[in-house]
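Hi,

Here's the structure I promised to pass on.

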Amino acid sequence: MDGKRKFNKIAYDEFDMSCKLATVDLMNRRGYNLIGNINTEYYKKYDPAFKNKSGNIIKIENEFRSVFDKIKNLYKTVHIPIRKKNTECDYYFIWGNNYEDLAIINKETINKFKEKTINLICAKGKEYEFKEEFIDIPKEYIKFYKTKQWK
């Protein structure tokens, strides 16, 4: 374990576009249209950005968590990778359960807790085990949704 997570291309390829597509679908249903091309990467800034008819722009950062149910029902805090500390996003989306569940963290909350960090060993015992620093956000600051409610 070298102390820093390496870029996981397999996870990126599996989840990045699916998260973007789920976000585009959700935001379209909320009256927002994608700005630019879904394939454009805004590395270390945000994922897709949207504009509504009033001209309001919202930038979203996405990730998928396979342990979404544990995050929602068991853990007391939610961990955001420290590399997202200075993100330009307005909202941080955590998708789970086949994109039917969503947790949303707003930028103010990330900023409020960005100095409250913890170091964790991830994938413990596996050959790709790594240590990573996370922003540790209490769950009461996070909103959980069933995305079906917005259809």
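This is a predicted model: local features need pLDDT of at least 70, side-chain atom pairs count only at pLDDT 80 or more; totals for chains, interfaces and linings use all residues.

Numbering starts from 1 along each chain as its sequence is written, and side-chain values use heavy atoms, with hydrogens and water left out.

The sheet is open, with 3 strands in the order 4-8-7 and antiparallel pairing. Strands are DSSP runs of E, at least two residues, and helices are runs of H or I, at least four, both numbered from the N terminus; two strands pair if DSSP finds at least two bridges between them. Strand 4 (77–81) and strand 7 (117–122) are the edges: each has a single partner strand, so one side of each lacks a neighbour in the sheet. Strands 4 and 8 (residues 130–138) are joined by 5 bridges, and histidine 79 sits opposite aspartate 136 in strand 8.

Now the loops. Lysine 139, between strand 8 and strand 9 (143–146), is buried at 17% relative accessible area (buried is under 20%, exposed over 50%, partly exposed in between, with a 1.4 Å probe and protein chains only). Beyond its neighbours within four places in sequence, lysine 139 has contacts including Leu74, Tyr75 and Phe144 (contact means heavy atoms within 4.5 Å). Tyrosine 75 is in the loop between helix 2 (68–73) and strand 4, and is partly exposed at 36%.

Cheers
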